[in-house]
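Student: Can we go through how the parts of this chain meet? Keep it quick.

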Amino acid sequence: MAHIDTKNLGFDTKVIHAGGHHDPYGSATVPIYQTSTFAFDNAKQGADRFAGTTDGFIYTRLGNPTINALERQMAELEGGFAGIATSSGMGAVSTVYMALLDQGTHMVGTASVYGPSRLLAEKHLSRFGVESSWIDTTDLGHLRRAMRPTTRIVYTESVANPTMDVTDIRGAADIAHEHGALLVVDNTFCSPFLHRPFEFGADVILHSVTKFLNGHADVVGGIVVAKDEALYRKLRPMMTTLGCNMDPHQAYLVLRGLKTLSLRIERAQENAATIARWLEGRPQVEWVRYVGLPSHPQHDLARRQMSGFGAMIAFGLKGGLEAGRAVMDNVRLATLAVSLGGVETLIEHPASMTHAGMSREHREESGISDGLVRLSVGIESANDLIADLAQALGKI
Ligand code: LCS
């Protein structure tokens, strides 16, 4: 693929062309450099590459051309300095926590984030003297009160999994910075197509690329994007030392999936808006949380900081968990599975699945009720999805 300077081109052009590289054979796609190591011409070249005085690849855990193409593309899509691709979204979360937190420091996080992102700090980093507070960050007053002199990072999700809470990113960044801390945003639910946290003051962005970025339910992967070079130089060596690097084949699949990001999300969010409105009118449904509905408590904030509302819906049924089980057991087109952000519609139950690792008390405090059912809307025909949900609701 020829290298095109996409810096000043539109987002949809960057999705297709950013990160492209010069290929000696003119390959239209980035080739898969399926190698663990790279030969040096001579000992001096090897030593220079290790010393960082010349460019060039050394060993795939440290860097690889296929992985690097994805890192450059994501850095451009998010508007950051550089990307660090990881083996999974949790690899990205681990890299960020391990690089930015020390013994005796503290982090504040949104209570209802993806369960393991919270558990990693609360259960594991606590063993090494890192403290964490998990609060409702939709109210910035809570965030201000939770900050301590030792707070190093504020951690949130652009749309929280699974409550769909939206935090004011500009406000959270200001509070973090006033206290000498950094704002880290997990942008998995939005992708840079819908929201670009660096434009609102964030310092580090991460993704589970398993979800919307790849979009085809065939890869687990992650990425961290650093706003500036100083942060990048802290984060990258932590990833390579932890050893949670992406594999070249994974990177190739993500590069391929990424090309249709704009088209997939446009279609999925159109479906999601239709389904969310339809669900709100069903007699069996008690409540619906979709960022695009005027009934969402942060709908106006989402309008200001996002360019669309995404494809994730949470809803609760009047019959509680039993009714939710009946729906999940009876859908035929939607697949009963965790994960999200793919072309196919998935349905799951956070309290017993993605967020089962959290205590019931923490789940309830965070708004993750036992009756909450999560829907990741795909790009099928909306009418077929509605017919499927209608017949499943009819089985309650
Ligand atoms: N961040 C968010 C917001 C997530 O939703 C997930 C995974 C992760 C990070 C971790 O990424 P992974 O290591 O799985 O690539 N969320 C999942 C979910 O809601 N269902 O299954 C996985």
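Tutor: Here is a short talk about the domains and their interface.
Tutor: This is a predicted model: local features need pLDDT of at least 70, side-chain atom pairs need pLDDT 80 or more, and totals for chains, interfaces and linings use all residues. Residues are numbered from 1 along each chain as its sequence is written, and side-chain values use heavy atoms, with hydrogens and water left out.

Student: What does the domain assignment give?
Tutor: Domain 1 covers 11-258 and domain 2 covers 261-393. The bounds come from an automatic or database assignment.

Student: How many residues are in contact between domain 1 and domain 2?
Tutor: On the domain 1 side, 40 residues touch 39 residues of domain 2. Contact means heavy atoms within 4.5 Å.

Student: And how much area do domain 1 and domain 2 bury between them?
Tutor: About 3,200 Å², with 63% of it on carbon and sulfur atoms. That is accessible area (1.4 Å probe) lost on putting the two parts together, summed over both.

Student: Which residues of domain 1 lose the most area to domain 2?
Tutor: M164, L194 and F212, which together make up 22% of what that side buries.

Student: New topic. How many salt bridges does the rule find across the interface?
Tutor: One. The rule wants a side-chain nitrogen of Lys or Arg within 4 Å of a carboxyl oxygen of Asp or Glu.

Student: Which side chain meets R289 in a salt bridge?
Tutor: That of D165, at 3.0 Å, N to O.
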